[in-house]
Amino acid sequence: MRFLFIFLICMLFSNALNSQVSLNNPSFEDEPADATTPQGWFPCDNMTTPDIFPGFWGVYNEAADGETYVGIITRENSTFERFGQRLSMDLVKGQCYFTAIDLSYSKVYSGYNKPIQLKIVFSIDKCSNDEVVFLSPVIQHTDWKTYKVEFTPNANYRYIKLEAYYSDEKFSHKGNILIDNIRPIRRCGNA
């Protein structure tokens with residue numbers, strides 16, 4: 001009887017762990033620096049590295065979680081910043097998942113002062129654009145707010161990418177978004 005009880009507890013614990021996809025450094029903890037990708041994350045292109053705040057470009061907001069957070073920008077020449085990482089386990093096609101992320105905006109960001117959106121993309125390869133699963137509203141608030149993200153991928157994915165996005169595709173402009181505290185990705189129904 002004792003063996004059966006221990007076996008059942010182990011199975012429940014195993015199922016709970018298997019239903020969660022964790023991220024490496026989800027609160028972007030690192031030394032504040034400009035044009036630097038935090039530990040556990042990688043840049044996708046030249047000139048696409050985020051900035052680690054507070055303390056650069058006039059951005060001194062407090063972090064939503066921990067000590068630091070990142071900011072990414074869009075530019076007038078239609079370029080933007082994006083970065084990502086490999087997930088702890090692949091997402092499964094057709095399975096419902098959910099997570100949450102804290103977003104904010106800085107009125108001062110070395111001239112990149114307009115509000116923009118965040119795009120979350122999952123992919124098979126390191127920096128490809130396979131499937132957009134979340135497009136935030138235009139983030140115009142300077143306090144941190146939590147945004148829930150629920151999605152069902154159309155393929156099996158192993159990478160996540162965070163991308164600055166123009167609030168209006170017809171016009172390119174200098175904007176920013178601040179990002180912190182990505183929660184573990186869980187299967188729907190597993191709170």
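1. Grid points are joined across faces, edges and corners, and a volume is the space filled by probe spheres set on the points. The structure is a predicted model, in which local features need pLDDT of at least 70 and side-chain atom pairs count only at pLDDT 80 or more, whereas totals for chains, interfaces and linings use all residues. Residues are numbered from 1 along each chain as its sequence is written, and side-chain values use heavy atoms, with hydrogens and water left out.

2. The largest pocket holds about 200 Å³ of space. Its lining comprises 13 residues, of which Asp 51, Trp 57, Ile 73, Arg 75 and Glu 81 are the closest to the pocket centre. Divided by class, this lining has 6 nonpolar, 3 polar and 4 charged residues, where Ala, Val, Leu, Ile, Met, Phe, Trp, Tyr, Cys and Pro count as nonpolar, Asp, Glu, Lys and Arg as charged, and the others, Gly among them, as polar.

3. The whole structure has 2 cavities of 30 Å³ or more, and the largest cavity has about 50 Å³ of space. It is lined by Thr 99, Ile 101, Ile 120, Phe 122, Val 149, Phe 151, Ile 160, Ile 182 and Ile 185, a set with 8 nonpolar residues, 1 polar and no charged. At least two lining residues come from each of strand 6 (97-104), strand 8 (117-123) and strand 10 (145-151); strands here are DSSP runs (E, at least two residues), numbered from the N terminus.

4. An open sheet is formed by 5 strands in the order 2-5-11-8-9, with antiparallel pairing, two strands being paired if DSSP finds at least two bridges between them. Strand 2 and strand 9 (131-135) are at the edges with a single partner strand each, so one side of each has no neighbour in the sheet. Strand 2 is joined to strand 5 (residues 82-91) by 2 bridges, and Pro 43 has Phe 83 as its bridge partner in strand 5.

5. Thr 49 sits in the loop between strand 2 (42-43) and strand 3 (51-53). Apart from neighbours within four places in sequence, Thr 49 contacts (heavy atoms within 4.5 Å) Ala 35, Thr 36, Thr 37, Pro 43 and Glu 81. Its side chain reaches the backbone oxygen of Ala 35 at 3.4 Å, and the C-alpha atoms of Thr 49 and Gly 84, which are 35 residues apart along the chain, are 10.0 Å from each other.

6. There are 2 disulfides in the whole structure, a disulfide being a pair of cysteine sulfur atoms within 2.5 Å. One of them is formed by Cys 44 and Cys 127, with sulfur atoms 2.2 Å apart, and this link is left-handed, with -80° about the S-S bond. Cys 44 lies in the loop between strand 2 and strand 3 and Cys 127 in the loop between strand 8 and strand 9, so the pair ties together parts 83 residues apart in sequence.

7. Two backbone details remain. Phe 53 and Pro 54 are joined by a cis peptide bond with omega of about 10°, and Pro 54 is placed in the loop between strand 3 and strand 4 (69-74). Phe 28, although not a glycine, has a positive phi of about 55°, and Phe 28 belongs to the loop between strand 1 (20-21) and strand 2.

Note on methods: 1 Å grid on protein atoms, 1.4 Å probe; cavity = no way out; pocket = protein on both sides within 12 Å on 5 of 7 lines; lining within 4 Å. Helix = DSSP H or I, 4+ residues; strand = E, 2+ residues; numbered from the N terminus. Polar contact = N/O pair within 3.5 Å; in protein donor to acceptor, adjacent residues only side chain to side chain.
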